[in-house]
Amino acid sequence: MGQPESRDYRAAEESTLPPGQRVQRGWPVTHYGPVPKFKADRWEFRVFGATADGDKHCWSHEEFSALPFSTVVADLHCVTKFSMLGAEWGGVPASVIVDLAPPADDVTHVMVWAEYGFSANMRLSDFTAERTIFATHKDGELLTAEHGFPLRLVVPHLYAWKGPKWVRGVEYMTADRRGFWEERGYHNLGDPWEEQRYSYQEEPGDGPEL
């Protein structure tokens with residue numbers, strides 16, 4: 001009896017995977033550059049650019065930690081073809097940030113900024129999606145430094161590079177602009193279900209010219 005159940009379980013897992021992905025049992029550490037050192041007294045989260053009131057909005061680490069906390073259960077799909085299924089992410093929903101620091105009416109995209117000037121762009125609709133979350137925890141435990149502590153963005157319906165580790169702020173934009181990996185050959189939209197991995201796959205209108 002055990003063997004058929006095992007096959008059924010694998011089949012159920014595979015049915016949730018975007019094309020070209022494989023199930024990852026652990027959580028590999030993948031990033032570009034060194035792991036930054038966190039100093040709570042110097043950490044600040046900023047929302048700037050085309051805000052509705054024209055002002056920059058800032059939170060200290062203590063203030064950000066006091067924002068409404070939620071959890072979402074969501075998969076993580078890496079462009080390197082592994083998928084981690086069913087993780088519980090805890091943190092501050094992106095929708096909370098949008099409510100506290102609304103964008104101007106003509107904002108269409110955001111740039112998410114992280115340590116060392118790393119950036120990832122996405123449509124405003126992707127950023128405000130129900131399960132997009134600024135995660136501080138995974139499966140009930142604080143993120144490790146290697147996995148993005150104190151803050152990483154998780155955008156479950158896009159490839160994981162669209163959710164940077166060590167996030168420091170969000171820029172509201174009235175026109176699209178490519179982020180770090182998007183300037184270096186990754187697809188501007190990054191939908192894993194459409195297997196949008198690389199810029200050469202882009203269709204007209206998918207993003208700014210390289």
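Reader: Which backbone atom does the side chain of Glu 202 reach at 2.8 Å?

Author: The side chain of Glu 202 reaches the backbone nitrogen of Asn 188. Glu 202 itself sits in the segment after E11. One thing to know before we go on: this is a predicted model, in which local features need pLDDT of at least 70, side-chain atom pairs count only at pLDDT 80 or more, and totals for chains, interfaces and linings use all residues. Residues are numbered from 1 along each chain as its sequence is written, and side-chain values use heavy atoms, with hydrogens and water left out.

Reader: Why is the pairing of the side chains of Glu 202 and Arg 178 called a polar contact?

Author: The name asks for a pair of N or O atoms within 3.5 Å, one able to donate a hydrogen and the other to accept it; residues adjacent in sequence count only if both atoms are side-chain atoms. The side chains of Glu 202 and Arg 178 are joined at 2.7 Å, so the distance falls within the limit of 3.5 Å.

Reader: Which residues does Glu 202 contact, leaving aside neighbours within four places in sequence?

Author: They are Arg 178, Tyr 186, His 187 and Asn 188, where contact means heavy atoms within 4.5 Å.

Reader: What makes His 57 count as buried or exposed?

Author: Its relative accessible area decides. Buried means under 20%, exposed means over 50%, and partly exposed is in between (1.4 Å probe, protein chains only). His 57 has 17%, so the word is buried. You can find His 57 in strand E3, residues 57–60, and the side chain of His 57 makes a polar contact of 3.1 Å with the side chain of Asp 53. Not counting residues up to four places away in sequence, His 57 touches Phe 45, Arg 46, Val 47, Thr 51, Leu 100 and Ala 101.

Reader: How many disulfides are there?

Author: The count is 0. A disulfide is a covalent bond between the sulfur atoms of two cysteines, and the rule here asks for a pair of cysteine sulfur atoms within 2.5 Å.

Reader: Why is the meeting of Arg 123 and Asp 126 called a salt bridge?

Author: A salt bridge needs a side-chain nitrogen of Lys or Arg within 4 Å of a carboxyl oxygen of Asp or Glu. For Arg 123 and Asp 126 the N to O distance is 2.9 Å, so the pair meets the 4 Å rule. Asp 126 is buried at 6%, whereas Arg 123 is partly exposed at 33%.

Reader: How many salt bridges does the rule give?

Author: The count comes to 8. Among them is Lys 138 with Asp 139, with closest N and O atoms 2.8 Å apart; Lys 138 is buried at 18%, and Asp 139 is partly exposed at 42%. Another joins Glu 195 and Arg 197 at 3.3 Å, N to O. Here Glu 195 is partly exposed at 26%, while Arg 197 is buried at 3%.

Reader: Which residues touch the most other members of the largest nonpolar core?

Author: They are Phe 45, Phe 64, Phe 127, Phe 134 and Tyr 172, out of 28 residues. A nonpolar core is a set of buried Ala, Val, Leu, Ile, Met, Phe, Trp, Tyr and Cys residues joined through side-chain atoms within 4.5 Å. Two or more residues each come from strand E2 (44–49), helix H3 (94–100), strand E6 (109–114), helix H4 (124–127) and strand E11 (167–173). H3 gives the most, with 4 residues. In soluble globular proteins, nonpolar side chains tend to be buried together.
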